[in-house]
Amino acid sequence: MEQELEQVVQAINIASDPAQAALHQQALNFISTIQENAENTWRLALPLFVDTSADGVRKYPPQVRFFALRVLDEFFDNRFEPLDAECFRTIQQSLVAYIQSEYVYGQAEANSPFLRNKFSHTLTLFFLCTYMTPDQWPTFFSDLFSLIRPSQSSSSSEPAFNRHIVLLFFRIVLEVSGEVADQMLKSARTFNQARQTRDARVRDAVRERDAAAINEAVLTIVSDGTQRMKRVGASPREIEEAVEVVDLGIRTFGSYVGWIDINLTVTPTTVPLLFNLLADPSLPIRLATCVALMRIVAKGLKEPEDKLQLLKVLSLGHVLDALETKTRTQQSERTEEDEGEESYREALGKLLNVFGLELTKLIEDSTNPDVTSETSLLLEQILPVMLRFMADEYDDTCNTVFPLLQVILTGYKRIRKTSSAPIDDNKRSFLTSLLQVILIKLKWDEEADLEDDEDTAAFEGTRKELRVFMDGILVVDQDLVTEAVRSLALSTISAFQTGVAVKWNDAELGVYLVYIFGEINKVGGKGKPMFCQVPPLDRDKNKTFDYSQYPLTPHGEMLFALVQSNISTFPHRNVALQFFETTARYPDFFKVRRECIMPTLEAMIDTRGMHNSDASHRSRVNYLFNRFVKEVRSDISEEVAVSIASSLRDLVTIEAQLPDADDSDSSADLLSEAIKNSTFDAQLYLYETVGMLCSLLSKTPQQLTSLLLSFVKPLMSELSDNLQAYRTKGMLDLIPIVKVHHVIMALGNIAKGFPEYPSPVPADYVPLPVNDVLGEVAQAILVCLEAMNIFKDIRDASRFAFARILATTGPNVTHFIPQLMANLLTQFESSELVEFLNFIGLLIHKLQSDLFTVLDELIAPLSAHINGILAQPISGTDDQRAHLETKKAYLALLSTIVASKLQLIFMSERNRGGFDSLMESMLTMAGDLSDPTCQKAALGFLNRSITTWGQPASSVGNGDTEPKGIPGFEQYIYERIVPNVFRVPSLAEFNLKDAAHVQILHEIANLLQIVFKTRGTEANDYFVGVFLPSQGWPPDAALDFTGKLRDLETKAFRKYFTEIVRSSRADS
């Protein structure tokens, strides 16, 4: 055995030494095998841990002994059958001898403290294996108690207890509580019924045999330690050791109070002891005591009367009131932050929160009026204390009482819903105080670091939670909230306007309250009536009505005061930004007080806004400015529009900067990261605004064109220069590629700023004089795309820009689409193809017949490309998803073409050769149950095809673009479409319990009825005399089916057809 031990030691030493690379993995595998076979190797592990050399020193090094404990843990853990007698005796004798030598007479692993904690866990697992077996170790705790007191004590100054054994005892109880009663630990484990049963038996046995003795020992030791901490003349080391004992002792006490008899833990002795420790000078002791009291308070008791008695005995309300006052005073006297003491206030807040929640549960659950009354009184007593914790300047402390506050407000809201009577004075007084606290806490810390994203996000999160509480008060008493918010906002704004010194965080809060007032003010209507007390108006008069003659609503007054105060000049960026957020949020106000528009625009444009030195500030204001102009543009004059556009010129200079090459794996990654630039993304809002401002010059076309060209020409020149640079340098210089992308996006956003081409076109429509300019832009983009279509970002930018240009110009530049597609198709990824198909679908919907010529040229190569993709084999989930999305988008496009009456393109001179293959592919998809979504879409296309091309020849229309029928198409319906769709319900994979398959059945029923309605008597004769007999239907059944097909409404026939299918499948 000695040789085996040395072999294990050698393996552990090699595994712990990275320098021995050659044998490292082999050693790891060896010791892993030792641990996995703990059922046998525990006999090696035990001596490795406990053996000593001749001089009494532990024989093996700490890392070897730690591994030995891991092997023993593996042996004991998940063992739910008793150990055999010999095994138990061997281990028990060895471990007791170890405790005697190391803890009773030794230094308790003073040189390797990590072994102490590990040994406590191992001993606990051994306890769980042996405690329930009568002839093994049911006397575990009594045996441990016998070691706690020293055999003799020479003086009263020496400890009455063996400190090492005491700490071991505490750690074991902590471990036992964790193993058998800690729900968090249990939930983290895989459920094991044997473990659950064993743990329950151990809990019951400890309660019956040892709980009283354990509790008495813990409290006696803690009490003794408390006296030693206060003993006059005690050395610092003695005090430190006593503090360690008391701290661990209280944590031990807290670990078991939840699962042993409450009469043991809450006594006339323990309550004063705990309250004394709650105010102890030692922070760890105070924190441990808070946790222990929380667990006592949260302990479940069957009878409400018992729970109330427990809470009354604790009398925590008075204690926490006094401690909150004391700690708040100390907090105000401190000259610098003390995280430890703040954590104590946080712990007190958590204790109050748990205490309050238990009171609310008791009120909710009790049916005894006396219990409810007394508990309600206790709850009311702690509400002021809760508000003081909530008002703490540290958010972590403030947040501790949020759960309790939420429950209280929920109760108030419930009362409000069930009663229309005013709330009582006590509740209103509480809500008033709560609202004042919320309004204070909504304010930024004056010294907050606004550059710290984490702190900013934390404050925004707290502000959001506080808003939830404000909304809760709003439900109970709306006037209370609206008046308090309005009053504070107006007083702050007025103070600034009159020259009173206002702190930046007070100013920001004042503006923020105006920002949220629209959410909390539930009266006054929407739109302009939200801000102006105006009589009801007809919709026609609404646009030309002069609102300035009518008084403002409270919200209107707040916004008017906000703009007139010039608070946007406050020398703090956050105040100005909140001003812009607020004005952009309520554009309808500026339609009732137009005189406020210019001051707001000026603030957004100058150094307060888009010309500010801070890049992130500018980026946000760019968006808000765009949003504001979009809403108030009808009130911006041509002169002002030109002036504003001119002020933006220095802000729309395109800059490209590459990130650090070390941060990217390749030039492609570097290019992608350079293009994803948040600063440029914010600039795009300005380009869109330029387009909006140009569009305001519609009455002076020459001026509009001139202003537009003054922005477009520099961009076109930059586009040309960078395209040439790319052709010269290629991938050696990424900056030109980035700039080409940015310029294309900029041009697209300028087009986006113009009004969309109307559909349908009104008779009096006068197009803006931008078609020629935007046509040149489209041509330039195509030139760049042709040269650079290998870059996905360039393809995406080109597609985006074309979508915006086409939305503005309508059919005037559609002739570029085939060239656009030709340049895109050569490099398309599947996601891009889907987006392009959707883009074409939107154009069809918008332009209808104006797109016919383009579509006639486009559809054949597009269909060929798509069919080529769909024919490729599928490999992997991503391929399957891309295949499905492409097919869905293609089917949607075909359906849109037919629905828009553009189906002639399929029969044009250019495309008629592909018509048969198109119909056959639709039939194939219509019969494919593996893809119900596309199958349904294909059936929908066939339905439209029958309605369109299946009309009798006599009903063909006179127009060239809307033929009502194709001669001979009826034979295709009868010979191909009907047989193929009719067989779908008989397929083996068809399942009537599948909702998607039922929908397919409904589509087939629709198709059959459409055939009948389209072809009339001819279809009747076909079903009765040809098709149904060919399917083996008797004449009577065929007549009945055809009659139902003719006479029933759509919904009724679906139901009938479904029953026929269900019956036929049951028979088969």
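1. Surroundings of I520. Not counting residues up to four places away in sequence, I520 touches R467, M470, D471, L474, Q478, V481, T482 and V485, where contact means heavy atoms within 4.5 Å. I520 belongs to helix α25 (residues 504-520); helices (H or I, at least four residues) and strands (E, at least two) are DSSP runs, numbered from the N terminus. With a relative accessibility of 0%, I520 counts as buried. The term buried stands for under 20% relative accessible area, exposed for over 50%, and partly exposed for values in between (1.4 Å probe, protein chains only). F114 is 406 residues from I520 in sequence, and the two C-alpha atoms lie 57 Å apart in space.

2. Basis of the values. This is a predicted model, in which local features need pLDDT of at least 70 and side-chain atom pairs count only at pLDDT 80 or more, while totals for chains, interfaces and linings use all residues. Residues are numbered from 1 along each chain as its sequence is written, and side-chain values use heavy atoms, with hydrogens and water left out.

3. Confidence. The pLDDT, which is the predictor's confidence in each residue from 0 to 100, averages 91 for the protein, and 96% of the residues score at least 70. Residues 956-961 have a pLDDT below 50, and this stretch has 7 contacts in the model beyond near neighbours in sequence. Where pLDDT is low, the predicted coordinates should not be read in detail.

4. The whole structure contains 68 salt bridges, each being a side-chain nitrogen of Lys or Arg within 4 Å of a carboxyl oxygen of Asp or Glu. One of them joins the side chains of E324 and R345, at 3.2 Å from N to O. Because E324 lies in helix α17 (residues 316-333) and R345 in helix α18 (residues 339-365), this pair ties together parts that are 21 residues apart in sequence. Both E324 and R345 are buried.

5. E364 forms a salt bridge with R414, and their closest N and O atoms are 3.7 Å apart. The pair links distant parts of the chain, with R414 in helix α21 (residues 402-418) and E364 in helix α18, 50 residues apart. R414 is partly exposed at 43% relative accessibility, whereas E364 is exposed, with a relative accessible area of 54%.

6. A link from a loop to a helix. Which residue forms a salt bridge with E451? The partner is R573, with the closest N and O atoms 3.0 Å apart. E451 sits in the loop between α22 (425-441) and α23 (453-476), and R573 in helix α28 (residues 573-585), so that distant parts of the chain, 122 residues apart, are linked. E451 counts as exposed at 55% relative accessibility, and R573 as partly exposed at 30%. Elsewhere, salt bridges that share partners join D321, E324, R328, R345, R388 and D392 into one network.

7. Cysteines. How many disulfides does a search of the whole structure find? The search finds 0, a disulfide being a pair of cysteine sulfur atoms within 2.5 Å. C290 is in no disulfide, and the nearest cysteine sulfur, that of C398, is 18 Å away. C290 is buried, with a relative accessible area of 1%; C694 is also buried, at 0% relative accessibility.

8. The structure holds 1 cavity of 30 Å³ or more. On a 1 Å grid over the protein atoms alone, a cavity is a set of points where a 1.4 Å probe fits but cannot get out, and lining residues have an atom within 4 Å of a point. Grid points are joined across faces, edges and corners, and a volume is the space filled by probe spheres set on the points. The largest cavity has about 80 Å³ of space. Its lining consists of F141, V173, V176, S177, V206, A211, I214, Y256, W259 and I260. Helices α8 (163-181) and α11 (211-230) each supply at least two residues of this lining, and α8 gives the most, with 3 residues.

9. Helix α27. In helix α27 (residues 554-564), the residues H555, G556, M558, L559, A561, L562 and V563 are buried. Their cover includes α24 (478-497), α25, α28, α29 (589-592) and α30 (597-605). Just after α27, N566 has a positive phi of about 60°.

How values were computed. On a 1 Å grid over the protein atoms alone, a cavity is a set of points where a 1.4 Å probe fits but cannot get out, and a pocket is an open set with protein on both sides within 12 Å along at least five of seven lines; lining residues have an atom within 4 Å of a point.
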